[in-house]
Amino acid sequence: MESCPVPQKQILVVEDEPAIAENIAFAVGTENMVARCAGTAREAAAILAEASIDLVVLDVGLPDESGFDFCRRIRAHSGVPIIFLTARKEEVDRIVGLELGADDYMVKPFSPRELTARIRAILRRSNGPAHAGGNGGGTALFEVDPARKQIRYQGRALGLSRYEFRMLELMIRHPGQVFSRDQLMGHAWEEPEASFDRTVDTHIKTLRAKLREIDPASDCLQTRRGWGYCLKVDA
Ligand code: CA
């Protein structure tokens with residue numbers, strides 16, 4: 001039997017508590033991935049600039065910058081998956097309410113094995129920073145450019161509003177997953193409580209129209225009656 005060499009995934013662990021960072025690095029190593037560790041946001045930024053990182057594990061409480069701010073700085077130029085680590089349950093609301101664009105979170109103390117399971121799950125559905133969801137036929141039609149806040153569909157740029165961009169980008173990162181209007185609104189709007197559910201429907205409608213300008217047969221944005229919306233996996 002021949003083994004098939006697959007490039008090892010590189011995980012950037014941004015955590016200032018050495019014991020926790022070591023535990024994570026060890027668990028990541030046993031899963032045949034490579035951990036790069038940084039104790040500050042500054043070190044992490046330097047690693048991100050020079051290495052090809054597949055996923056970031058990011059502690060909220062860092063000595064030089066809050067994990068939230070650092071996440072925003074990463075998101076300004078990269079769609080690399082991010083898992084937050086938090087010591088406080090109160091911070092979970094802020095992570096979930098997000099706007100921040102994190103993919104998952106874990107509350108300390110957590111089991112390193114649970115963390116590596118989540119890392120695996122996220123890496124399975126994302127094919128790396130530039131090209132989200134490369135495993136699904138439907139999402140393979142999309143290319144996300146987080147820096148330019150632009151999404152290309154079948155090679156052509158979609159002229160999207162901020163809300164449309166955020167909703168579509170979320171669905172591309174999680175192909176097949178059904179999102180309720182609340183979830184889409186929480187992700188895309190700064191003040192979700194000031195909006196109405198129907199706003200989501202309106203933006204979905206204009207999004208569909210834009211996709212159909214490029215491909216009149218496009219049906220990848222699907223309605224799940226009573227639940228919400230999702231991006232079809234095998235378009
Ligand atoms: Ca910390």
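At what angle do helix H6 (residues 162-173) and helix H7 (residues 181-188) pack, and how far apart are their axes? The legends below take up this question along with a few other views of the chain, all drawn from a predicted model.

**View 1. Helices H6 and H7 pack against each other.** Here is the reply to the opening question: the angle is about 120°, and the two axes lie 9 Å apart. The crossing of H6 past H7 is right-handed. On the H6 side, look for Tyr 163, Arg 166, Met 167, Glu 169, Leu 170, Met 171 and Arg 173. Their partners in H7 are Leu 184, His 187 and Ala 188. Sorted by class, the residues of this contact comprise six nonpolar, one polar and three charged.

**View 2. Helices H2 and H3 come together at a crossing of roughly 20°.** Helix H2 spans residues 41-50 and helix H3 spans residues 67-75, and their axes come within 11 Å. With angles under 35 degrees counted as roughly parallel, H2 is therefore roughly parallel to H3. H2 passes H3 in a right-handed crossing. From H2, the contact draws on Ala 41, Ala 44, Ala 45 and Leu 48. From H3, Phe 70, Arg 73 and Ile 74 take part. In this contact six residues are nonpolar, none is polar and one is charged.

**View 3. Three residues of the protein donate to the calcium ion.** Zoom in on the ion and you will find Asp 16 (OD), Asp 59 (OD) and Gly 61 (O), at 2.2 to 2.3 Å from it. Along the sequence, these donors follow the spacing D-x42-D-x1-G.

View 4. Is Asp 59 buried or exposed? Asp 59 has a relative accessible area of 3%, so this residue is buried. Asp 16 has a relative accessible area of 30%, which means that Asp 16 is partly exposed.

View 5. Stepping back, you can pick out eight helices and ten strands. Among contacts between residues at least 6 apart in sequence, 56% join residues at least 24 apart.

Conventions:
Residues numbered from 1 in each chain as written. Predicted model: local features only at pLDDT ≥ 70, side-chain atom pairs only at ≥ 80, totals over all residues. Heavy atoms only, no water. Donors = N, O, S within 2.8 Å, 3.2 Å for Na, K, Ca; no water. Buried < 20%, exposed > 50% of the residue type's maximum accessible area, 1.4 Å probe, protein only. Axes fitted to C-alpha atoms, helices over the stretch in contact; angles between N-to-C directions. Helix = DSSP H or I, 4+ residues; strand = E, 2+ residues; numbered from the N terminus. Parallel < 35°, antiparallel > 145°, perpendicular 65-115°, else oblique. Left-handed = near helix turned anticlockwise from the far one by under 90°. Contact = heavy atoms within 4.5 Å. Nonpolar A, V, L, I, M, F, W, Y, C, P; charged D, E, K, R; others polar.
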